[in-house]
Amino acid sequence: MIKSKTRMAVGLAAGVAMAALAAGSASAATAPSVLKIGTLYAGSGPFAVASQSEYQGLQFWAANVNKAGGVFVKAFDKKIPVKIIAYDDQSSTSTATTLYNQLITQDKVDLLVSDFGSVLTSVAVPLAAEHHMLLIDPTGSGANFFTKKTRYLADVSIPTSTVWPEALAHYLLEQKIKKIAIIYGSNDFDASQATELKRVLGKGGVDPVYFHSVPTTESNYTVLLHTVAARHPDAVIEFGYANNDIAFLHALSASGLHFNMTFTVFPGQLLSLLTKNVGAKALAYTYTYPTPPLVKYSDVNAGMNTDDFVKEFTAEKHEAPNYLTVAGYNAGVIMQGMLKTSPTFSQTAFDQALLDMSGKTKTLLGEFRMTDHGSQIGELFPIAQLIPEGDSNKIVVVYPKDKATGTAVYPAPK
Amino acid sequence: MVSLLEYAVIGGILFGIFFSLIGIGLNLIFGVMRMINLAHGQFVMLGGFAAFVVSHDFGLNPLFGIPLSIVGAIIIGYPLYYAVVPRLQKSHDPEMLSFILFFGIAQVIEALAIFAFGADQRSLPGDALGGGNLGILGQDFPDSWWVAVAVSVIAIGGLYLYFSRTKLGYATRAVMADRDEARATGINVDRVSVIAFVIGLALAACAGVFVPYLLGSVSPDIGDNLTATSFAIIIIGSLGDPIGTVVGGLVFGLGTMLMQTFYASWSNLVPYVLLVIIVLIRPTGLLGRAVRHA
């Protein structure tokens, strides 16, 4: 009896050992030699500057993890080097559609990262869902992407655009600025900000004196500004992409018109580009959303903090990073955390890993908090003003009070 | 309301005159060579970068971009014409082939511009053309608009004088009327064509000098949009009649600015809606004449 029990125990142990060995060898067999990350960038077109900055950030992350032997993948219990497969979509959504398809079906990438912004991300969202791939979305924040629960979309670096104007709306209401004009680009990114701002202002009893969209390609604001000025607004809020902001600020500067407060989006993201094009004088006293590295996060538990990133990136690339570079790097850091914690190597497991990281992860962009709709609601943007300092402008955070580094100059001097 | 309407009308006229200069080179080349230069917008873009280079790298006024644009048009235009056009003329369908060929040239120019200047936007100092505003009927517009309009009027007027007062201009009009008949009367059609081609490119590049002021900035990718808008303008005016471009430009400018004032979201539809209407109602364009078939 004892003999047979011993024999059974030995047999079971051997079985378990063999099963474990088999499982181990299966893991080793299925672990890819290299982790393929597919993405697109815009080599030309209106999104080129922002897109290439974001791509540079992702490349910087990949080079860094490869220097350390690769990224640790829990599902295979080993480090695997990463390889970025990237194509140029030339800022065109139709080209991007073809190339996203190629990444998924021909290159069979393990992870899919979208190009910059809502316009170029918009075509990737349905494609990723159709192919059951999790789309890592660094900067596509259009509200329409996140209307329902999904396992195939993760906005990782930028808050969804509906929450962007929260602080701005409350700031305007607190300052009792009642005559507000809102001009916005007719795309999801800008329209969702404008609609949300109007909604929150409405709750505070303020109805904008001007609320109109312009084509995303708009490049001449002179006559439009004159129309806006006829409504005598105290604050003019322009939601656009960088090229719109440049044209808008140029026209405002040349027109001789003056408003007590002017707000645009991209000085807080691409300050050097805007300064180069518009000039520090024309940017003075403009309000914006300040973003890293203009604001810094030092308390992180994943990747480098803002200061270290700026230092290392500048040393390696001999140019200072901007917000989009930070966003690209951050996308890599979040994927790294996801692969480190995901128990299996599947797209739905990756999504679950991101949801598990939500609220517990702090990166150089602040807190990472993602909803099951895939939207990012972690670190909301404060409001800052560009205050002249010598020949340039410095960013002064003016709202909310707990983040403020100074007080606003209002009304803006002529 | 009346003041807004006045501002939109005056702004539309100024904007339209400038866009006449943008489109007129395309119409001249089509009129003489019966070819659509799909790289037209890219030459406008190169003019913008010429102004940027003289201003940024040499510290000169951006207006020096105009002589640089003319010299550039001569240097690029002559070899480009002889490399491309005679072969196209010998083909069985030169108009269609010109579409494809100039599309390719446009892409090459854009790619080279990205190599040379990078993909980002470039602007010019706001006060280089006068930092103030000039008014008419109590409506102020930036000085740069008036300078752009003045140069446009001079360039278009110069072209008109070329057509109406010079032997070469008469010959150009003869070639525009009928290429084969002109050749039969002893006109050196190739010489007339190459000069028209170079003038067309030079006018485009000169217009480009003012793009950073009227359109905010210049970047390598603006060419295709400018070609499409120019194409709409010359069809609205009269395809093949350079002076008709002025009418097309004015209709475009007024339509765009009125729409921008009263319904901004739809403003960029204006040239294309006008194009469809004109093609349906008057296919020869607003200034086009009925064609006599023998």
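This is a predicted model: local features need pLDDT of at least 70, side-chain atom pairs count only at pLDDT 80 or more; totals for chains, interfaces and linings use all residues.
Some ground rules. Local features need pLDDT of at least 70, side-chain atom pairs count only at pLDDT 80 or more, and totals for chains, interfaces and linings use all residues. Residues are numbered from 1 along each chain as its sequence is written, while chains are lettered from A and ligands numbered from 1 in the order written.

The chain contact comes up now. Chain B gives 30 residues and chain A gives 36 residues; contact means C-beta atoms, placed from the backbone, within 7 Å. On the chain B side, α1 (2–33), α4 (94–117), β2 (139–142) and α11 (244–262) each give two or more residues. The largest share, four residues, comes from α1(B). Helices here are DSSP runs of H or I, at least four residues, and strands are E runs of at least two, numbered from the N terminus.

Next, the sheet in chain A. It is open, five strands, order β4-β1-β5-β6-β7, parallel pairing. Pairing needs at least two DSSP bridges between two strands. β4 (82–88) and β7 (153–155) of chain A are the edges; each has a single partner strand, so one side of each lacks a neighbour in the sheet. Inside, β1 (residues 35–41) and β5 (residues 111–113) of chain A pair over three bridges. A:Gly38 has A:Leu112 as its bridge partner in β5(A).

Last, two helices. α13 (residues 323–341) and α14 (residues 347–357) of chain A pack at about 105°, axes 9 Å apart. Axes are lines fitted to C-alpha atoms over the stretch in contact, and angles run from 0 to 180 degrees between N-to-C directions. α13(A) and α14(A) are therefore roughly perpendicular, a label for 65 to 115 degrees. Contact residues include A:Met338 of α13(A) and A:Phe350 of α14(A).

Methods
Two residues are in contact if their C-beta atoms, placed from the backbone, lie within 7 Å. Angles under 35 degrees count as roughly parallel, over 145 as roughly antiparallel, 65 to 115 as roughly perpendicular and the rest as oblique.
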